[in-house]
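Reader: I would like to learn how to read a model of this kind, going from the overall fold down to single elements. Could you take me through it step by step?

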Amino acid sequence: MILSALGLTAATLASAVPARRASASSGQLLAACRVAWEQGGQLVALWLSDERDRDRGYCLRVLLRDGEGLTLLEHTMPDGDVQYPDLAAIFPAAGRMQRAAFDLVGIPSEGDDQRPWLWMASWPIDQFPLRRDFEAQAKWQPGEETYAFVKVEGEGVHEIPVGPVHAGTIEPGQFRFQVVGEKVLRLEVRLGWSHKGIEKRFESMTIAEGGRLAGRVSGDSTVAYACAYAQAAEAIAGTTVPSRALWLRALLLERERIANHLGDLGALGNDAGFAFGLAQFSRLREDTLRTNLAAFGHRLLMDVVVPGGVRHDLADEDAERIGIECATLEREMRILRDIYDDHDGMQDRFRNCGRVPPDIAVKLGLTGLAGRASGQARDLRCDFPVTPYDTLGVRLATSTAGDVAARVAVRFDEAAESLRLVRAILDALPDGDVHAPVAQVPEFRQGLGYVEGWRGPVLVALTSGPDNSIRRCHPHDPSWQNWPVVEHAIIDNIVPDFPLINKSFNLSYSGHDL
Amino acid sequence: MTITGFLSQLLQVAIALALAPLLVGWVNCCRAWLANKRAPSLLLPYRMIRKLFAKDAVVAQNASPIFRLTPYVVFGAMTCAAAIVPSLATDLPFARAADAIALVGMFALARVFMALAAMDIGTAFGSLGARRDMFIGFLAEPALLMVLFTASLLSGSTSLPQIVDTLAHREIGIYPSLAFAGVAFTMVSLAENARIPVDNPATHLELTMIHEAMILEYSARHLALLEWAAALKLFNYSCIGLALFVPFGIVVSGTGWQLLLSAAPLLIVKLAIGGAALALIETLSAKMRIFRAPEFLGTAFMLAVLAMLVNLLLGA
C-alpha cells in the first residue's frame, strides 16, 4: 500500500517484522482501509488509548497487514465527544473490536451495532477502565444487564441457549442457536465472561515484569505471547538478542505448536465419538509436556521466554532427548493419521462439516490455522521470517476445502513440519549466551511484536511510560478475527455438529476477553 | 406355580437388579483397556448409585408430577422386563402375563415417560433429547419387533419362554434367519441403549446428547434410579440377545432348581463376553451424524425382514 498517495507520511515503527506508522484523519483512515482491503490486506487489530494527559485526547490505532508488512494508522481525537468512522463495513472483524474498545475506553464508533461486548455490568456503565483516571482498585457490586441477541422469527424456529457454564470443563462462552429441527439458521456467540482486565493490569507494571503477564493472556499460547511481548520490548529498547536465544525461541514455539496440535487432534477424535484417538493423542501430548518440564522447567513453557532472550539454556542431554522424541512422535503420528484417514465413520463426520469456503474466508478475514485450511496461505514464519525461520524455510500447510477435515489435515501437516523444524533447529543451534540485558526504555516509545502462534498470528503492541514502566500494552489474539467466522461455519449444519466445528477452530476465550 | 418356578423368577429379578450396574462397569473397563488406558473400578457404577441415593434431590420449581413419577415408572418398567426375559430359566410364572410384544411395549412405556419428563421442565436440552430419542425409537422399535417375530415364527409362539425352549432344543447349526436377526438385533440394541455409534454415553457435549440430554435435570435418588434403569435396560437387551441367539445353558421348564445355580455363572460368562464385544464395537466406531441413524436402523429393519423372509421361504 502506497501511503503517500493517500496524503499520509509514514515513519518506521520499532518491530521485528517490517512495520510503519502514519497519522491519519478520519477520512484518510477510511480511505487507507478501503485501499488496503482492495489490495488484499487484512485488519490485524484495532484499539483505543487515552492520551488526554499528553493533550492528545484519545487515539485510535488501526493495524493493517499486507504483503509488505504492517501499517499502523493513528487517528487522534482531541475532543472526547467524537466518534470515529465505522470500519466494520470494510473489515467485518472490526465490529467487535470497536465495541470492545468502547467498553474499555468509552469512545464509540459510528457503527450501527452499539451493544456492549466485554462489559457485563461488573463495573458501572459510565466508567471506562482503560481511561487513565479510572480507579482500578475500586470494587462494585455486579449489576444486571440484558444483551439483545438477534432473534429469528418464523414457523418452527426455536432458540437453544448454551453456556456460559458448560457441562464440560471448558472456558465460558454463550452460544445462542436459532434452529429449525436440527438445522441451525443462525448462531450468535457472546463472549467477555473471562474478562480479567489484563490491559489495565499491564499499566501498573514495568516492562520487565510485563512479560510474565503477557505469557498468561492465553495459557495455550504462552510462548507465542511471551515472544511477541519480548519482540516488542526489545524493539523499543534496541536490544540485540543473542542468536542462540532466537533459535531457542523458535524451538519453544514449535514445541508449543506440536503440543497443541496433538491435543486438538485427540479432542477432535473424541468429539466425533472416537475416544481411542483422544487416549492416544493425549499420551503423546503428555510425553511432550513432560519433556518440556525436564528441559525447560515448565510443562507449558511459561516464563521461559523473557525480554532479552530466554531464561533457560538447553542442556545437551535434553536436546538429545527432544531429538529422540521427535522420531517417536513422527512415527506414531503417521500411524494415527492413517487410522483417522481410513476411518469411514470419522471421515463422514469431518468432511463437509462446518465449511468455510475461501471466498467467505477472505471476506470475513479468517486468519491463522483455520485460515490456512480455507485457502488463506499466510504464515508469519514464511511471509516475514525472523531468525531462524529465514534459514529454516518453513513449508506452508494449506487446504482449500475449509471443512473440519481440512482443519484436521492442516494440523497433521503442521505438526509434522514442526517436528522437522525442531530437528533442524537442534542440528544448527548456535552456541553463545541466551540472554542480553534490556536497556532503559525512553518514554512514549511504541513497539510491536508479531509472532505466528499455533492458532494464528499473535500481536503485542507496547508503549512505554516513564521509568521503564508500561504506558499501554495491547495484546491481540487471532481469535478476534475467527470467532465471527465460527458463527458462519455452523449455518445450515446440524446442532450436534457444532462441538466438532467449534473444536476444529479451537479459539481462545481468555485471549479474546482479556 | 411350582416352587422352582417361583424361585427362578425371584432369583432372576434379583440377579438382574444386582448385576446390571456391574455390566455397565465391565463395559467401561473394557473400553478403557481397548484405548490403552487404566480402567476405572469395576464397582464404580455401584458407588455412583450409592452416592446419588445419599444426596438431596433438587427438582425444578415448575416440574409437574410426571417429572417426579418418571424415574419410578422407568425403573419399574425395566424391572418388569427383567422378570419377563428368560435369562436363567424358562419356567417363569410372571412371563405368562406378558409376551414378546408386551415386552416391547414395556420399553416403549419407559421411553414415553422419559420423553415427557424431559420436556416437562421446558429446558432446550430436555426437548432436544426427547425429540431425538423419539426419532431413534420409532425407527428402532419396528426392527426390534421384526426380530422377535422371526423368533416367534420358529417356535410358533410369541411367549418368550416358549421361544427359548424351542430354540434351546434345536440342533446346533447355523440358521440363516437367526444370523440375519442377530445382526439386526445388535444394531437395534446399540441404538436403544444410547451406545456409540448412535449416541455417546460418555460425552459432556450437551448439544450432541440424546439419552443424557433427557436426564440432565435429574439429581440424587431420581438420577440414581434412572442410571440404574439404564443399566437394567442394557442388561435386559443383552439377556434377550443371549436368550434368542445363544440360549444354551438356560434352564428349561421342568428341570430341577439346582441347575439354576449352574445357569447363573454361565450367564455371567456370556454377559462378560457380550460386554467385551460391545466395548470393541464402541471403540472401533465413531459416533454417526444423527441423520445417519435412519440409514443405520433402516438397515437393521431390512435385515430383520430378510430374516423373516428366509424363515418363511426356506424354513431355516
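Predicted model: local features only at pLDDT ≥ 70, side-chain atom pairs only at ≥ 80, totals over all residues.

Reader: What radius of gyration would a compact globule with 514 residues have, and what does chain A have?

Author: The radius is taken over C-alpha atoms, and the globule rule is 2.2 Å times the number of residues to the power 0.38. For 514 residues that rule gives a value near 24 Å, and chain A, at 22 Å, agrees with it. Of these residues, 53% count as buried, a term that requires 20 or more other C-beta atoms, placed from the backbone, within 10 Å of the residue's own.

Reader: How many helices and strands does chain A have?

Author: Helices (H or I, at least four residues) and strands (E, at least two) are DSSP runs, numbered from the N terminus. Chain A has 17 helices and 14 strands.

Reader: How many residues of α2(A) are buried, and against what do they pack?

Author: In α2(A), 12 of 12 residues are buried, among them R96(A), R99(A) and D103(A). They pack against β4, β5, α3 and α15 of chain A, where contact means C-beta atoms, placed from the backbone, within 7 Å. After α2(A) comes G106(A), with a positive phi near 90°.

Reader: In what order do the four strands of the open sheet in chain A stand?

Author: Strands of a sheet pair through backbone hydrogen bonds, either parallel or antiparallel. Here the order is β2-β12-β13-β14 of chain A, with mixed pairing, where a pair needs at least two DSSP bridges. Because β2 and β14 of chain A each have a single partner strand, one side of each is left without a neighbour in the sheet. β2(A) pairs with β12(A) in the parallel sense over two bridges, and A14(A) stands opposite G447(A).

Terms used
Residues numbered from 1 in each chain as written. Chains lettered and ligands numbered in written order. Contact = placed C-beta atoms within 7 Å.
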